[in-house]
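Subject: Structure handover

Hello,

Here is the structure we talked about.

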Amino acid sequence: MPVIELAQLATLIIFSVNSLLLAALILLKVVHRARVRSHDRRRERYVELLSRHIAFENCTDPITSEMAEDPAFLDALIDVRNAVAGSELRTLRNIVRRHGVIEHQIRKLESPFPLGRRFRAAVALAEIGDETSAHVLEQHLTDREPEIRIQSARGLGRIRWTPAIDKIVQRFSVEIPWVRARFSDTLTLYGPAATWPLLAYVRINHRYESVGPALALRTLAQIDDLQAVQPIIGILNDADDLEVEIAAIEALGDLGSPEAQSHLSERLDSPSWELRAKAATALGDIGDPASIELLVRRLRDPNWWVRRNSAAALAKLDGGIEALYAMLGDEDPYAADAAAEALTDAGELLIARERTEEEPRGANVLLTHMGSGGESYQ
Amino acid sequence: MILDLLRWVGYATITYFIVMQAYLIFLAVASGLALRRTHHLQRFGRVGEMLSSRSTPPISIVIPAYNEEAGIVDSVRSMSIVKYPRFEIVIANDGSNDDTLAALIEAFHLEKVRIPYRPDLECEPVQAIYRGRAGVDITVIDKENGGRADALNAGINAARYPYVLCTDADVVLDPDCLIQSMQRVVEDRERTVGVGGNIRPLNGSRVELGHLIEASVPSQLIPRMQILEYVRTFLASRPAWSWMNALPNVSGAFGIWKKSTMVEVGGFTTGHMGEDMDLTMRIHRYHLDNRIPYRIVYEPSAVIWTEVPDTIRVLRRQRIRWHRGLMTATKDFLPMTLNPRYRQVGMVSWAGYFLFEYLAPIIEFTGWFVVPTAWLLGALSGTSLMWMLLIALGMGLLNSLLGLLLDETYGYFNSPKDTSRLVAMALIENFGLRQMTVLWRIRALIGGASVRGWGNMERRGVANLAKQS
């Protein structure tokens with residue numbers, strides 16, 4: 001009866017595994033709950049302890065090396081770190097250095113595994129943001145784990161470690177999209193200190209690639225440093241890559257400098273609809289009413305995106321709403337369509353309805369164009 | 001001769017069941033490995049950064065609604081406070097007979113507006129469009145009745161953003177679910193065309209003003225059985241399929257899609273009873289046929305809570321509808337099944353669906369008759385039959401326990417009472433409940449009047465769910 005014996009053995013194994021899984025489930029439930037409670041209690045105690053050390057310079061309550069290695073201590077440290085500033089932050093940094101917290105986290109970060117431990121250490125170093133960890137974080141900008149690279153950059157950004165800016169910027173050309181986007185966020189933490197390295201990167205690379213320079217331009221827009229306006233105009237005039245041109249136009253719009261207006265207006269006549277559409281949006285962002293006439297002309301553009309963006313841009317300009325109302329009666333139904341949509345998005349149709357009673361003529365124009373309430377829009 | 005045939009059919013039936021459970025256990029183990037990595041990434045702070053990042057793409061939340069008066073306002077409120085930098089809510093009222101539209105107009109101060117509407121996807125005519133004035137960026141499309149898929153297509157047409165979340169009116173979104181799922185888009189925007197979320201039953205949990213306050217397992221057996229099913233599906237198999245880029249189904253309750261991709265494949269198929277599965281498979285087929293790099297991923301930390309049937313009558317109707325949807329999809333995508341051209345989708349996940357979802361009720365149902373008959377006629381020995389059934393039961397239990405273990409690590413139910421209820425359910429479901437679902441699926445195979453359109457269950461509204469348990 002080998003089949004029966006085999007079946008018996010299989011049953012035994014399966015039910016043994018089931019019993020083990022059940023035991024693991026119970027254990028996990030009990031142990032996990034106990035661990036979470038204990039962690040929370042210790043965390044609260046450590047927050048009080050650190051607060052006492054910060055408040056009283058001569059506090060004698062001991063912080064031991066065992067405590068410094070406790071994950072609950074780390075969480076408490078991050079809680080306190082995010083709640084203090086100025087001299088209190090300096091005191092906290094002294095406590096951190098005195099008790100070897102940074103060294104301990106660096107050791108964890110540099111161990112080959114487990115992954116969770118390394119992640120936690122990288123996050124801790126980024127959160128604590130102490131200058132003594134800067135060199136290690138710089139090395140880990142090229143770590144094999146994307147999350148560790150991100151956290152390393154974030155830590156460097158938090159302490160404004162300027163020697164790392166160039167290294168982070170250069171990674172734009174080689175990183176995966178997710179990490180690249182997070183590096184861009186990090187560079188905004190540096191503020192204007194990152195402006196020139198970013199501009200230099202774009203200048204050198206925009207002829208050879210588009211993704212990195214385009215992201216660098218968007219990062220410049222985020223940093224919001226007006227020193228970048230003229231160099232970006234130069235890049236816009238010099239670039240022959242569509243992605244880079246689009247990013248430059250967006251950046252100029254976000255920076256909102258009137259210096260860029262004439263260059264953007266030229267793009268409204270570009271053969272590329274993408275550039276026309278982006279230029280329209282950027283002119284709306286700059287907000288100069290001098291663009292109204294140009295944008296109204298673009299409401300009759302053959303491309304839907306250009307019409308839509310031009311109408312949305314007009315809605316942002318002083319006097320633009322009136323121009324959109326005037327376009328509702330335009331002979332080009334597509335232009336009227338774009339104007340109506342922008343007015344709706346701006347909440348203006350409600351006002352238009354109120355005007356219906358006061359100025360029947362204006363309302364008729366609107367309703368004729370859009371159709372009556374009951375009919376299908378298809 | 002007949003006895004031999006009965007014996008072999010009997011053995012084949014039980015062996016099939018064991019192989020099916022082995023496949024599910026393989027998926028559960030692979031899911032565990034996939035979840036472990038995702039868990040680390042989630043735990044250590046990548047998500048919060050997205051809230052302030054410019055690289056976070058805006059998204060349109062599209063909600064089809066048909067006679068959802070009871071819960072639509074609470075649902076929209078829960079959706080309007082999700083943590084996400086930029087989103088809009090588009091509700092497609094699919095010709096409701098109740099006061100769904102009036103409830104929305106009142107709650108969100110909607111005004112009828114006249115804006116152009118572009119029918120990129122085919123759908124029934126739109127009667128009117130409303131926009132909100134009360135802070136929430138909300139658009140309501142009032143259209144003629146055409147079914148869930150049709151309403152979704154109308155909503156997608158009106159969506160202004162490049163990604164659309166197709167969901168239901170009876171769900172409660174976890175505040176982090178959008179940001180958790182969209183991070184998968186941001187990390188690879190070129191290739192990511194779809195993201196599925198982790199659907200969990202809401203029955204028995206405490207919900208206030210459209211927000212989940214406390215998750216718990218209800219005492220009623222029917223919703224409790226479904227919780228276990230959802231745990232097995234969403235924690236013990238989808239992570240593995242996602243890891244293989246072979247998700248055969250992004251659930252209709254929470255699916256984020258690239259709008260341009262949806263327009264390319266023609267959106268949801270109107271009248272299909274498994275429109276979510278149909279769409280997912282068409283998107284796979286489109287990309288694989290045209291050799292376009294893509295991925296459809298599942299994000300377990302994007303949690304969505306939904307009401308599940310709490311009576312046998314409603315559950316029966318739902319399961320018949322689901323199985324008919326599967327039947328149609330099986331027929332439509334038969335050329336993909338076990339076809340190496342469709343890589344992991346054809347060879348692993350869709351093959352698994354065909355073998356262990358579509359064929360399962362037929363084989364199990366056959367087994368109910370053949371195995372006892374073979375035993376009564378002496379073609380199967382009582383001892384071997386007993387051992388094989390024990391193996392099958394043990395493997396089924398193993399699969400459920402693996403799911404619960406994953407749920408314990410990555411899930412939501414904190415109290416020991418909830419866990420013990422689910423463990424008990426893992427055993428109880430084998431004695432009657434599982435068999436009941438097999439019968440319903442056989443009923444679906446037999447045919448009869450189709451439950452087309454919405455196939456709606458009676459809604460209690462998310463705020464009233466806790467009271468029933």
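This is a predicted model: local features need pLDDT of at least 70, side-chain atom pairs count only at pLDDT 80 or more; totals for chains, interfaces and linings use all residues.

**Chain A: α10 and its surroundings**

α10(A) is mostly covered, with 11 of its 14 residues buried. The buried set is W178(A), V179(A), R180(A), A181(A), R182(A), F183(A), S184(A), D185(A), T186(A), L187(A) and Y190(A). These residues pack against α8, α9 (165-170), α11 (195-205) and α12 of chain A. Chain B takes part too, through α5 (177-187). Just after α10(A), G191(A) has a positive phi of about 70°.

Now look at α8 (residues 146-158) of chain A, which holds R149(A). Is R149(A) buried or exposed? Its relative accessibility is 9%, under the 20% cut-off, so R149(A) counts as buried. Leaving aside residues up to four places away in sequence, R149(A) touches V179(A) and F183(A), among others. Its contacts also include H140(A), L141(A), T142(A), D143(A) and R144(A). R171(A), E175(A) and I176(A) are on the list as well.

**Chain A: α14**

The length check also works for helix α14 (residues 242-255) of chain A. Its 14 residues should span 20 Å at 1.5 Å a residue, and its end C-alpha atoms are 20 Å apart, which agrees. In α14(A), 11 of the 14 residues are buried, so the helix is largely enclosed by the rest of the structure. The buried ones include the run V244(A), E245(A), I246(A), A247(A), A248(A) and I249(A). E250(A), A251(A), L252(A), G253(A) and L255(A) are buried too. What covers them includes α12 (211-223), α13 (229-238), α15 (261-267) and α16 (273-286) of chain A.

**Chain B: strand β1**

Strand β1 (residues 59-65) of chain B has 7 of its 7 residues buried, so it is largely enclosed by the rest of the structure. Both faces are covered. I59(B), I61(B), I63(B) and A65(B) are on one side; S60(B), V62(B) and P64(B) are on the other.

Which strands pair with β1(B)? One is β2 (residues 87-94) of chain B, parallel, over 7 bridges. There, S60(B) has E88(B) as its bridge partner. Another is β6 (residues 163-167) of chain B, also parallel, over 4 bridges. Together with helix α2 (residues 72-80) of chain B, β1(B) and β2(B) make a right-handed β-α-β unit.

**Aromatic rings**

Over all chains, the search finds 14 aromatic pairs. Take F333(B) and W350(B): the ring centres are 6.0 Å apart and the planes are at 85°, so the pair is edge-to-face. F333(B) lies in the loop between α10 (312-332) and α11 (343-358) of chain B, and W350(B) in helix α11 of chain B, so the pair ties together parts that are 17 residues apart in sequence. Both residues are buried. Ring pairs also bring in W241(B) and Y353(B), which form a cluster with F333(B) and W350(B).

One charge to check: R160(B) lies over the face of Y161(B), 5.9 Å from the ring centre.

Best wishes

Key:
Residues are numbered from 1 along each chain as its sequence is written. Chains are lettered from A and ligands numbered from 1 in the order in which they are written. Side-chain values use heavy atoms; hydrogens and water are left out. Rings of Phe, Tyr and Trp (its six-membered ring) pair if their centres lie within 6.5 Å; planes under 30 degrees apart count as stacked, over 60 as edge-to-face and the rest as tilted. Helices (H or I, at least four residues) and strands (E, at least two) are DSSP runs, numbered from the N terminus. Buried means under 20% relative accessible area, exposed over 50%, partly exposed in between (1.4 Å probe, protein chains only). A charge sits over a ring if NZ of Lys or CZ of Arg is within 6 Å of the ring centre and within 35 degrees of the ring normal. Two strands pair if DSSP finds at least two bridges between them. A crossover is right-handed if, with the strands pointing away from the viewer, the path from the first strand over the helix to the second runs clockwise. The expected span of a helix is 1.5 Å times one less than its number of residues. Contact means heavy atoms within 4.5 Å.
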